[in-house]
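The following paragraphs lead the reader through a pocket and the aromatic contacts of the structure shown here.

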Amino acid sequence: MEVEAVLRFWELARRNALDVCIDGGWAVDALLGEQTRPHNDLDIALPAARVPALRSLLTERGFQEIPQPDSWEHNFVLRAANGETLDVHSYELHPDGSNRLGVSYTAHHLSGQGSIAGTQVRCIRPDVLVGFHTGYEIDANDWHDVRLLCERFDIPVPEIYAPFQKADSRG
């Protein structure tokens, strides 16, 4: 997803009080303050109560849900005819900031700040993003993101990335 599309969506979300938090690869780049690689989609987190408003706004703009094997009411993909794609994750928090339902975000996870092409955005915290990049079969894009976050924010590299670190050290 191109930066212009991300910024258009961010402005739409802001104007409509969707309370969006950027996740995934764009969150990594927001934290780093620059785009470091191409992104196929924009991952977002938002309160479950705001999902109907999001769906309405995006349906008006030609987005349709694309069924995925792991889709459910709190995790789904919306795509426009031009290929712009949102990977939507919703949640509900308890008053203390712990997760009540949906995707297991907490208030702590959602408290990062970054910048996309000079626009300030709310995003997932760097330490949390590094943790989110574990627990599944990782690839070179994951290593790219984790390496940059760990270097910039002085976060220990998770053990699962040891093969990538060894390959990098061999040059």
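In this predicted model, the largest pocket is lined by 33 residues, and those nearest its centre are Gly 24, Asp 43, Asp 87, His 89 and Tyr 136. Its volume is about 880 Å³. Both helices and strands contribute to the lining: α2 (24-32), β2 (42-47), β4 (75-79), β5 (85-93), α4 (126-132) and α5 (140-153) each provide at least two residues. The largest share, 4 residues, is supplied by β4. Sorted by class, the lining of this pocket comprises 12 polar, 11 charged and 10 nonpolar residues.

Across the whole structure, 5 aromatic pairs are found. In one of them, the ring centres of Tyr 105 and Phe 132 lie 6.1 Å apart; the pair is edge-to-face because the planes meet at 65°, over the cut-off of 60 degrees. This pair links distant parts of the chain, since Tyr 105 belongs to the loop between β6 (99-102) and β7 (112-116) and Phe 132 to helix α4, 27 residues apart. Tyr 105 is buried, at 2% relative accessible area, whereas Phe 132, at 33%, is partly exposed.

Tyr 161 and Phe 164 make a tilted aromatic pair, with 6.1 Å between centres and 45° between planes. Here Tyr 161 is buried, with a relative accessibility of 0%, while Phe 164 is partly exposed at 23%.

Ring pairs also join Tyr 91 with Tyr 105 and Phe 132 in a cluster.

Methods:
Residues numbered from 1 in each chain as written. Predicted model: local features only at pLDDT ≥ 70, side-chain atom pairs only at ≥ 80, totals over all residues. Heavy atoms only, no water. 1 Å grid on protein atoms, 1.4 Å probe; cavity = no way out; pocket = protein on both sides within 12 Å on 5 of 7 lines; lining within 4 Å. Points joined across faces, edges and corners; volume = space filled by probe spheres on them. Nonpolar A, V, L, I, M, F, W, Y, C, P; charged D, E, K, R; others polar. Phe/Tyr/Trp six-rings, centres within 6.5 Å; stacked < 30°, edge-to-face > 60°. Buried < 20%, exposed > 50% of the residue type's maximum accessible area, 1.4 Å probe, protein only.
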